[in-house]
Every structure is written in C-alpha cells, then in structure tokens.
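User: I would like to learn how to read a sheet and a core in a protein structure. Could we go through one example slowly?

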Amino acid sequence: MSVLTINKLTTSVGAEVTDLDPDRLAHDDGLATAVLDALEDNGVLVFHGLNLGPEAQVALCERLGEVDRSADGHHPVSGIYPITLDKSKNKQADYLKASFVWHIDGCTPLHDECPQKATVLSAVQVARNGGETEFANAYAAYNTLTETEKQNYGSL
C-alpha cells in the first residue's frame, strides 16, 4: 500500500497529493521520504488545503532537505521569502515584478554550488483573474529530441 495518494495532472509534469494529514507530514519520516520520491517522479506536487503556517512550512522543508535562508530578513520566519509586490512586505518587490513573466526558482547559483532541490510555495492570497503558474519538464523535453539534436545541444 502506498503512503501517498497521487493523482497525476499531466503525462510529463505534476501530480496532486490528496488525503494527507498535515500533522503526520510534520512528524512521519516515511511520509517525508514518500513526498521526496513523488517529487522525483512528478517534478511538481500540489497539496490542496494543508493550511501550513510559515513555521510549519519551514519545519516540513527541513524534513525534506536543507532550507535556503539566503533571503532572511524579508519575513519574520527564517526560510520564508514572501512573493508579493507590496513593498511593505517585501523589500525586493520591484525585482519580483521583473521576474513574473518567466523565472526558475533557485536555479541561479553564483558559483559551483548545486541549485536548490525544490521550492515550496503556499498560496495565501491568489489573484481573481490571471495569476496562472505553469511548470515545464526539461527531462521530458530532452527525451523528445532526436539523437542528433541531443548531440548538438550537448556540445554547446
């Protein structure tokens, strides 16, 4: 029996995790491992209605891996970065505005460090119109290339 109930959202990326107890997520090592496995298999996971507060979200992230605290000072809870254009809530609101069309979360290392494993987002307030978030699967895109294209792009 699986530890998680997974509903695939597309053939290439994304799955919804249902029937999950948020308290269990914060304390069950087997469940944390299952979440990491599901993330590896699906690229993006959606959890509806967990209602985790900032502290609980960071605690969950610590169970899944190392938490990036490089943006500390933007939120009272270390490890949280508010995504808002309200300058009173985020000092880098203008920077965010420039990245709303396209960005890659945490994948811009400055030196030789590995990019972040994942980004965990909580929707506190969502737009009534627009505001769609889309995800791409570079592995699936690569697998659609011909062998010649893979060789050509691999030599760049």
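**Reading the sheet and the core**

Analyst: In β2, the residue T18 is the bridge partner of T5. This is a predicted model, in which local features need pLDDT of at least 70 and side-chain atom pairs count only at pLDDT 80 or more, while totals for chains, interfaces and linings use all residues. Residues are numbered from 1 along each chain as its sequence is written, and side-chain values use heavy atoms, with hydrogens and water left out.

User: In which sense do β1 and β2 pair, and over how many bridges?

Analyst: Strands (E, at least two residues) and helices (H or I, at least four) are DSSP runs, numbered from the N terminus, and two strands pair if DSSP finds at least two bridges between them. Here β1 and β2, residues 15–18, pair in the antiparallel sense over four bridges.

User: What is the order of the strands in the open sheet?

Analyst: The order is β1-β2-β3, with mixed pairing. The edge strands, each pairing on one side only, are β1 (5–8) and β3 (45–47).

User: Which residues touch the most other members of the largest nonpolar core?

Analyst: A nonpolar core is a set of buried Ala, Val, Leu, Ile, Met, Phe, Trp, Tyr and Cys residues joined through side-chain atoms within 4.5 Å, where buried means under 20% relative accessible area with a 1.4 Å probe, protein chains only. In this core of 14 residues, they are L4, L20, L25, V35 and L45. Helix α2 gives the most to this core, with five residues.

Definitions and conventions. Buried < 20%, exposed > 50% of the residue type's maximum accessible area, 1.4 Å probe, protein only.
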